[in-house]
Amino acid sequence: MELSENPFIVAFKVPANETEEERVHRARAFQDAQRVSRQIDENLQETKRNLDRRKRAIRILLLGQAESGKSAVLKNFQLAFTPHQFQKERDLWKTIIQLNLISSVRTLLNILNDVDSNVQSLLTPPRTPGSHPNSSYSNKLRRIHLGLSPLLSLENDLNRMFFATGGPSHEICVPAGSRWKSKLGFRDSASVHQDLKLTNAQNAIKSNLIQLLEASKDDIDSLWRDADVQRALGEREVDLRDTPGFFLDDVERIASASYCPTDSDIVRARVRTDGVEEHHLVAESIRLKGNEFFITDVSGARSSRHSWIPFFDDSHAILFLAPLVFNQMLEEDPRVNRLEDSLLLWKEICSNVLLANCNIIIFFNKMDILRRILESGVEVRKFVPSYGNAPNEVESVTKYFKDRFKTYHKKLSPKPRSFISHETSAIDIHSTTALVVTVHDGIIRDNLEKSDMI
Ligand SMILES: Nc1nc2c(ncn2[C@@H]2O[C@H](COP(=O)(O)OP(=O)(O)OP(=O)(O)O)[C@@H](O)[C@H]2O)c(=O)[nH]1
Ligand SMILES: [Mg+2]
């Protein structure tokens, strides 16, 4: 471009017969324009630096069906690599865990209220007085139910105020990004949000929650420990301990005013991921210092899986979460067995050409739940007839399913690649934090080898 055509120079050209006032005005406008231009240059440089950093850093994508444990694995990465940042968010999780606890109470009451042709509800009065075999227990449970009503209604208000969701399942669901954290009062030094201060109404509802929980903890505890309730759950083959965000065994601790979540509580807390979240981790400890990487956490719901595709050709490795829980159905489609859904998803991921050069590491997660299910006598062959009469034991069951995943991996991968698998229980933070450090080292090593080959 000719100098005379430069719009910046043309705009500030000295006009003929310029007055002193016009000259001062023009000089000021010129300085302002220069400042804006410098700012734009700096922003462009910053964007370029970020892009370069992203290009250099390892990028990991977490995949798997809903509730498979992706966000729990992410928390283990954060615990291992950025423990100080993790520590700063501790208070934020307190409200989430308290809401998880109330949500389990609600689930429990819903199950007890469920009347079908065979099972008399434990909460509704008997049709003719005295006809209910356990009418004295029912009276007790009805009293507890009534006593817990204010807590349940506060849970509704809290969900509406902070999450604007809730839905029929009352599961906490948050939009991607960290804005929901600031809504709960989390103050991140890097945050640009201005609305970090909670309003008086928000503060009031949070302290109401603490008071009401403290006042209700005996009721919650007696409801959960009640022999009739436990029997009713057994009859319906419901094990609430296997449900996400289960804290009923910890009521005494969690419903106390002085409660502070432990690392393990935070990993066990349930917040459904909505959309796609990218997390930038810069290792804090001396040993891991300098390790900088990005982890993308996604929603595993069937309706969200199309949103994973743009992240496929940008990732160095995929961590695929496949719980070997063979006797549960999908929450979003109760006709579909979770393990069958995982296998279908695995086939799609293995055969995807966009992922042909990507390492895929599979975590057979929720091993603790598999162990509990088998110990309680549930037979694999009833849910997976092809399992036949093989031993109903963890080792044999794990090998059977692992072989199925491995076979598809070999058959469907567009190019040969190693099958790397780990058996995990993401809520066991001791072993999982150690594992994610090893896995991360492996991804870096593999990436270096690949770039050397190129
Ligand atoms: N018992 C047990 N619970 C686990 C394990 N891994 C995860 N969880 C719990 O299962 C629940 C669901 O885990 P999440 O990490 O939220 O699942 P997700 O894959 O991120 O689910 P979406 O965000 O809905 O896609 C949480 O309450 C976790 O704490 C595990 O190995 N054992
Ligand atoms: Mg999640």
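Me: Where is the place of Glu-237?

Reply: Glu-237 belongs to the loop between helix H9 (227–235) and helix H10 (251–254). Helices (H or I, at least four residues) and strands (E, at least two) are DSSP runs, numbered from the N terminus. This is a predicted model, where local features need pLDDT of at least 70 and side-chain atom pairs count only at pLDDT 80 or more, while totals for chains, interfaces and linings use all residues. Residues are numbered from 1 along each chain as its sequence is written, chains are lettered from A and ligands numbered from 1 in the order in which they are written, and side-chain values use heavy atoms, leaving out hydrogens and water.

Me: What makes Glu-237 count as exposed?

Reply: Its relative accessible area is 73%. Exposed means over 50%, buried under 20% and partly exposed in between (1.4 Å probe, protein chains only), so Glu-237 is exposed. Glu-237 also has a positive phi of about 55°, although it is not a glycine.

Me: Why is Glu-67 called buried?

Reply: Glu-67 has 14% relative accessibility, so it counts as buried. Glu-67 sits in the loop between strand E1 (58–64) and H3, and has a positive phi of about 70° without being a glycine.

Me: Which residues coordinate the magnesium ion?

Reply: Ser-71 (OG) and Thr-273 (OG1) coordinate the magnesium ion (ligand 2), at 2.1 Å. Ser-71 is in helix H3 (residues 70–81) and Thr-273 in strand E3 (residues 272–274), so this pair, 202 residues apart, links distant parts of the chain. Donors are N, O and S atoms within 2.8 Å of the metal (3.2 Å for Na, K and Ca), and since water is not among the atoms, sites may look incomplete. Both Ser-71 and Thr-273 are buried.

Me: What makes the pair of Phe-364 and Phe-405 edge-to-face?

Reply: Rings of Phe, Tyr and Trp (its six-membered ring) pair if their centres lie within 6.5 Å; planes under 30 degrees apart are stacked, over 60 edge-to-face and the rest tilted. The count by this rule is eleven aromatic pairs. In this one the centres are 5.3 Å apart and the planes at 65°, so the pair is edge-to-face. Phe-364 is in strand E7 (residues 359–364) and Phe-405 in helix H15 (residues 394–412), 41 residues apart. Ring pairs also link Phe-320, Trp-346, Phe-364, Phe-405 and Phe-419 into a cluster.

Me: Why does Thr-398 count as buried, and what is it in contact with?

Reply: Thr-398, in helix H15, has 4% relative accessibility, so it counts as buried. Contact means heavy atoms within 4.5 Å. Leaving aside neighbours within four places in sequence, Thr-398 is in contact with Leu-324, Met-367, Leu-370 and Glu-423.
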